[in-house]
Amino acid sequence: MRRSLALASAVCLLAVTACDSSSDSSDGTPGTVEELTEDGLVGLALLHRGFEGGDPETDQVLVFHDPESGAPLQRIELPDGAVDPMSPDVPVYGQFSEDWQYFAFATREPNAVHLAVLTDPDEAEDDEVEGFSYQPVETIASSQGGLVSRPMIHGERLWYVLGNGDGQPPQVMSVPLEAPNGTPNQEGSLALGEGNRPSDWALTPDGSLHIRNSVPTRQLTGGEGSAVVRATNGTVVNATLTTNGEQWQTFDGTEVWGGGDALLRPDGDGEAPDGLYLLSTEGQGYTATRLLEDEPGPVVQYAPAEERDAVLLQTESAWFRVDLGEEGAVEAEEVFPLYQDASMEGWPLVVRWAQNPPGDPSAEPSDPSED
């Protein structure tokens, strides 16, 4: 009952926040983007598709939650249809800039990548938008029949995939955020695999492009079982751990941990084992630490702290926090219940656990490779 009351109070708080997000900031509520970002947008940022039981196609909202109680602190509306309402593995963590000023999304009709900016409540073109929102300002259209998709923002650049068809490998392109319609850089080709499926790709925390099928695997030795990893510039991006007859793999569409560490979840469909593994590599060896083994159900999403000294983990019923020290993980603590939305999976997607205002020196994450 205590958890239910806390969640109900959180919903009420969000309703009040939404109503107060106007140009009148005399009561201390931010009325402009400058006021909103002055102290930084902090907390666990979740992207809700079908907010408060609404349409998952049109009611898409970025919500910042208190990482200790789950209470919603601030909400920002997204353009209608900006995120696939049913896909479980949308990499939304990369669609927002570090300072939250930009949001990038792709559409099929018309086929284009759109760049939106964080906008004051009284400047939105749609009269139905009452609070802060992301409003499209630039469009990168498909050229010569190619398909543009998978936008991702890193640093001062916007990345996306350009597919040429005719069995040719898609290209990863990038353009400056300040000039998205300038001549793009061709960053790499996505090797084609079985059935001409393009390779998965990701950006490491330092901005290096990792193309899975272009990176050789590396076999590691450790305790019981075996581990195989793919790494770019010292960062493990893909990993598979086989232990006790079970296979565990890195998450899809999720922020790369960085350095030699990675979080692994059970591989395959059907009844999955509980919890997940924290895989830590060093040279040709590794250690694997089981997390949330005593909690029912597998972990479906995670959000690492900026310093990688803690992580928030979501099961199919609740959110947990695990602090990570020099000696490994300490006991997990349940912090708040699961939030739900109208998407196929039934819960909002993790964007980021933002702990510091942009520009704060303490916000710079440590390099795990130096630990």
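Two strands pair if DSSP finds at least two bridges between them. The model described here is predicted.

Strand β2 (residues 60-65) pairs with β3 (residues 72-77) in the antiparallel sense. Within this pair, the bridge partner of Val 63 is Arg 75 in β3. Six residues lie between the two strands of the hairpin, and Gly 70 has a positive phi near 85 degrees there. Strand β1 (residues 43-49) also runs antiparallel to β2, with Ala 45 standing opposite Phe 64 of β2.

Six of the six residues of β2 are buried, so this strand is largely enclosed by the rest of the structure. In a regular strand, side chains alternate between the two faces of the sheet. Both faces of β2 are covered: Gln 60, Leu 62 and Phe 64 are buried on one side, and Val 61, Val 63 and His 65 are buried on the other.

**The seven-stranded sheet**

An open sheet is formed by seven strands in the order β13-β14-β15-β16-β17-β18-β19, with antiparallel pairing. The edges are held by β13 (218-220) and β19 (285-291); each has a single partner strand, so one side of each has no neighbour in the sheet. From one strand to the next, the twist averages 25 degrees.

| Strand pair | Bridges | Sense |
|---|---|---|
| β1 and β2 | six bridges | antiparallel |
| β2 and β3 | five bridges | antiparallel |

Terms used
Residues numbered from 1 in each chain as written. Predicted model: local features only at pLDDT ≥ 70, side-chain atom pairs only at ≥ 80, totals over all residues. Heavy atoms only, no water. Helix = DSSP H or I, 4+ residues; strand = E, 2+ residues; numbered from the N terminus. Axes fitted to C-alpha atoms, helices over the stretch in contact; angles between N-to-C directions. Buried < 20%, exposed > 50% of the residue type's maximum accessible area, 1.4 Å probe, protein only.
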